[in-house]
Amino acid sequence: MKCRPGDIAQVLRSSHNQSIGLYCQVRHRADAGEFGPEWIVEFPHEVPAISRRGTELRCTLCAMPDAWLLPLRPSDDVDEILRIVGLPKDAFTPLRV
């Protein structure tokens, strides 16, 4: 699975095209659905959704397949280009906390 509880994720696919591109926070695992493992995600406002029974509704807490989400998290990896050419002399490196 790509996501973890607490992740901010972008919706890549949706039963309602209006949800594609929106951001949500991954809360906890849900029962597996038709498209594999799912998460309960929270949106900052109500979004259109379709229940497992096919009913159209609006929700802030929705079940979303892991495969339809792109988790957005900071990376500790060094960018490949920076590794090849190095940092510019006038660049600064952020402090790691």
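The following dialogue explains how to read several features of this predicted model.

Biologist: On what basis are the residues and values given?

Modeller: Residues are numbered from 1 along each chain as its sequence is written, and side-chain values use heavy atoms, with hydrogens and water left out. The model is predicted, and local features need pLDDT of at least 70, side-chain atom pairs count only at pLDDT 80 or more, and totals for chains, interfaces and linings use all residues.

Biologist: What share of the residues is buried?

Modeller: A residue is buried under 20% relative accessible area, exposed over 50%, and partly exposed in between (1.4 Å probe, protein chains only). Of the 97 residues in the protein, 27% are buried.

Biologist: How many salt bridges are there?

Modeller: Side chains of opposite charge can pair when their charged atoms come close. The rule asks for a side-chain nitrogen of Lys or Arg within 4 Å of a carboxyl oxygen of Asp or Glu. The count comes to 3 salt bridges.

Biologist: Which residue forms a salt bridge with aspartate 7, and where do the two lie?

Modeller: The partner of aspartate 7 is arginine 73, with the closest N and O atoms 2.6 Å apart. Aspartate 7 lies in the segment before strand 1 (8-11) and arginine 73 in the loop between strand 5 and helix 1 (80-85), so the pair ties together parts that are 66 residues apart in sequence. Aspartate 7 is buried, at 9% relative accessible area, whereas arginine 73 is partly exposed, at 35%.

Biologist: Which residue meets glutamate 42 in a salt bridge?

Modeller: Arginine 27 does, at 2.5 Å, N to O. Glutamate 42 belongs to strand 3 (residues 36-50) and arginine 27 to strand 2 (residues 23-33), so parts 15 residues apart in sequence are tied together. Glutamate 42 is partly exposed at 29% relative accessibility, and arginine 27 is partly exposed at 38%.

A further salt bridge joins arginine 58 and glutamate 46 (3.9 Å, N to O). Arginine 58 is in strand 4 (residues 56-65) and glutamate 46 in strand 3, 12 residues apart.

Biologist: How many aromatic pairs does the structure hold?

Modeller: Rings of Phe, Tyr and Trp (its six-membered ring) pair if their centres lie within 6.5 Å; planes under 30 degrees apart count as stacked, over 60 as edge-to-face and the rest as tilted. The search of the whole structure finds 1 aromatic pair. The ring centres of phenylalanine 35 and tryptophan 68 are 4.9 Å apart and their planes are at 45°, so the pair is tilted. Tryptophan 68 is buried, at 9% relative accessible area, whereas phenylalanine 35 is partly exposed, at 40%.

Biologist: Which residue lies over the face of phenylalanine 35?

Modeller: A charge sits over a ring if NZ of Lys or CZ of Arg is within 6 Å of the ring centre and within 35 degrees of the ring normal. Arginine 13 lies over the face of phenylalanine 35, at 5.5 Å from the ring centre.

Biologist: With which residues is serine 14 in contact?

Modeller: Contact means heavy atoms within 4.5 Å. Leaving aside neighbours within four places in sequence, serine 14 touches Ser19, Ile20 and Trp68. Serine 14 lies in the loop between strand 1 and strand 2 and is buried, with a relative accessible area of 13%.

Notes: Helices (H or I, at least four residues) and strands (E, at least two) are DSSP runs, numbered from the N terminus.
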